[in-house]
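Take a look at the aromatic rings in the structure below. Where do they meet, and what sits over them?

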Amino acid sequence: MLSSAQLVAFVPTKDQRQARSFYEGTLGLTFISEDPFALVLDANGTRIRVANVPDFRPAQFTILGWQVSDIEKAVTELQGRGIVFEKYGFKDQDGRGIWSAPGGHKVAWFRDPDGNVLSISAHS
């Protein structure tokens, strides 16, 4: 039933103004609307509701991610916008934070201003 419905993703924030600056300004997502409950952005056809949640603790796992065709290029561009990539000490994670999984997939993680873990990945 839901396979043909449009997906909406949710991300919590304590500071909607800071979240808008990050998701729209730094990540380049398209602003749709804002109200006291959430900031709504478009991510290539998927709506992301950045919801006001005054008291939350960020999860220590990825809550939102983007698949990219060239992860090295994406990391370079995001670093140029001030993004710092997480280094978890994985055996196959390079100095820039790109982890090469055994199957050839690559992932790099970063955090939003609220501490939510986000990622970019390239799949072979």
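This report covers ring pairs, their surroundings and charges over rings.

## About the model

This is a predicted model, where local features need pLDDT of at least 70, side-chain atom pairs count only at pLDDT 80 or more, and totals for chains, interfaces and linings use all residues. Residues are numbered from 1 along each chain as its sequence is written, and side-chain values use heavy atoms, without hydrogens and water.

## Ring pairs

A pair of aromatic rings is described by the distance of the centres and the angle of the planes. Rings of Phe, Tyr and Trp (its six-membered ring) pair if their centres lie within 6.5 Å; planes under 30 degrees apart are stacked, over 60 edge-to-face, and the rest tilted. The structure holds seven aromatic pairs. In one of them, Phe-90 and Trp-99 have ring centres 5.6 Å apart and planes at 55°, so this pair is tilted.

Phe-90 also pairs with Trp-109: the centres are 5.8 Å apart and the planes at 70°, so this pair is edge-to-face. Phe-90 lies in the loop between α2 (71–80) and β6 (98–100), and Trp-109 in strand β7 (residues 106–111), so the pair ties together parts 19 residues apart in sequence. Helices (H or I, at least four residues) and strands (E, at least two) are DSSP runs, numbered from the N terminus.

## The cluster

Ring pairs link Tyr-88, Phe-90, Trp-99 and Trp-109 into a cluster. Which residues are buried or partly exposed (buried: under 20% relative accessible area; exposed: over 50%; partly exposed: in between; 1.4 Å probe, protein chains only)? Trp-109 is buried at 11%. Phe-90 is partly exposed at 36%, and Trp-99 is partly exposed at 24%.

## Charges over rings

A charge sits over a ring if NZ of Lys or CZ of Arg is within 6 Å of the ring centre and within 35 degrees of the ring normal. Lys-14 lies over the face of Phe-56, 5.5 Å from the ring centre. Arg-20 has its charged end over the ring of Phe-31, 3.6 Å from the centre.
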